[in-house]
Amino acid sequence: DVVTGRLLYEPLRHDGIIWSARYSPDGQRLVTAAADGTARIWDAKTGQPLVGPLQHKGGVASAQFSPDGQLVVTASHDNTARVWDAHTGQPVTAPLKHEAMLRSAEFSPDGRRVLTISAKTAQIWDARTGLRLGEPLSHVGNYAPVRFAQFSPSGDRVITASGDNTAVVWDADTCRPLIRTPLQHAREVYCAQFSPEGSRVVTASLDNTARVWDALTGEPLSEPLQHDGEVYWAQFSPNGQAVLTASLDGTARIWSAHPGQALALTFGHISSATYAELSQD
C-alpha cells in the first residue's frame, strides 16, 4: 500500500532472480519476468497466479502488457521474444527469433507492433502474426551492441542507442534511418528517448553527458548536459519541459529541456545512480 507501506499479500515468488515487474494498463494484473525461464501473470489485488507460467528456454529479461491489456510480450536470453494471450497464457505467434539474447521487448503505442532489442540489433514485428517488418535495425554493420530502443509516442518512428557512440532515428514502416547523420557522442550511448510530443530526443552517454536533439533534423538543441561521470539514463519529464539524468557521479539531476541549464534540483547518492523517473505530475 503506497500510503501506509503495509504489505498487501505474500511475495510473488519465482525460482530465480526477478528482473522485471509491471502492471497491466488497468492496474488489475501484474506480469513478472525472471531468471528461472518464466514470466508469470498475477492478480494485483490478491497476489494469486492467473495462468500457468509463460515458459522460455532461458531467463526472461522483461515482460510487458499490450496497451489494451490483451497480450503480453516477453524477451528472453534464449534469443527469442514471444507474444502471449494475457488471459489464457497461450502463445499467439511463433517465437520472434534473434541471433543473440534479448534485452527487452515492447509494444508500439497502438499495440499493433512489437519492438525487440537484442545484444546486436533491434527488430520490429507484427504483434498478431509474428512476421518481421523490414530489416533489422543495426549499427555499424551489426557489430556494435544496441543498448536501448524505443517507439516514438505516435509509433511511426523508433530510436536506438548503440555502442558505436551514436543514436539513430528510424522509420518504423521502412526500418530505414530518417536522419542522414546519426546523433553522435564521444563514447557509447546507453539510452535514447523521445519527448512526449515526439519532436525531440534526449541521449545519455558514457562521455559524461546527456544531449537534447531535434528528432526530425538531428540538430542539437542545447549545450551538453554535463555530469562528472558516465550518464546511464536520461528522459523527459511528462510535460516535456525538463530532462532527468542519472549518472555514475552519484547524482540525478533535473535540467531545463530547452536551454539546457541545470535547475535547482540535484539529488545526491552515496553510490552510482543508473536510473531515475519522475511521477506523472
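This is a predicted model: local features need pLDDT of at least 70, side-chain atom pairs count only at pLDDT 80 or more; totals for chains, interfaces and linings use all residues.
User: Why is V51 called buried?

Analyst: Buried means under 20% relative accessible area. V51 has a relative accessible area of 14%, so V51 counts as buried. V51 is found in the loop between β3 (38–43) and β4 (54–55).

User: What makes H87 a contact of V51?

Analyst: Contact means heavy atoms within 4.5 Å. Leaving aside neighbours within four places in sequence, V51 is in contact with I41, H87, T88 and G89. As for A122, V51 and A122 are 71 residues apart in sequence and 29 Å apart in space, C-alpha to C-alpha.

User: How do you know that β10 and β11 pair?

Analyst: Two strands pair if there are at least two bridges between them. Strand β10 (residues 113–118) and β11 have five bridges and run in the antiparallel sense, so they meet that condition.

User: What makes β9 and β10 a pair?

Analyst: At least two bridges are needed, and five bridges join β9 to β10. The two strands therefore pair, and they run antiparallel. E106 has L115 in β10 as its bridge partner. This hairpin has five residues between the strands, and G111 takes a positive phi near 80 degrees there.

User: Why are β9 and β11 called edge strands?

Analyst: The three strands make an open sheet in the order β9-β10-β11, with antiparallel pairing. β9 (102–107) and β11 (122–126) each pair on one side only, and that is what makes them the edge strands. From one strand to the next, the twist averages 20 degrees.

User: What makes β10 mostly covered?

Analyst: Six of its six residues are buried, and buried means under 20% relative accessible area. Both faces of β10 are covered. R113, L115 and I117 are buried on one side, and V114, T116 and S118 are buried on the other.

User: How do you know that β12 and β13 pair?

Analyst: The requirement is at least two bridges, and β12 and β13 are joined by five bridges. They therefore pair, running antiparallel. A149 stands opposite T160 in β13. These strands belong to an open sheet of four, in the order β12-β13-β14-β15, with antiparallel pairing. Its edge strands are β12 (146–151) and β15 (183–184), as each pairs on one side only.

User: What makes a group of residues a nonpolar core, and which members touch the most others in the largest one?

Analyst: The members must be buried residues of the nonpolar kinds, such as Val and Ile, joined through side-chain atoms within 4.5 Å. The largest nonpolar core has 33 residues, and I159, V201 and V243 touch the most other members. Elements that give two or more residues to this core include β13 (157–162), β17 (200–205) and β21 (242–247). A second, separate core of 13 residues includes A122, I124, V158 and W170. In soluble globular proteins, nonpolar side chains tend to be buried together.

User: Which residues are in contact with V201, leaving aside its neighbours within four places in sequence?

Analyst: Among them are I159, V169, L183, F194, W213 and F236. V201 is also in contact with Q193 and R211.

Definitions and conventions. Residues are numbered from 1 along each chain as its sequence is written. Side-chain values use heavy atoms; hydrogens and water are left out. Buried means under 20% relative accessible area, exposed over 50%, partly exposed in between (1.4 Å probe, protein chains only). Axes are lines fitted to C-alpha atoms, for helices over the stretch in contact, and angles run from 0 to 180 degrees between N-to-C directions.
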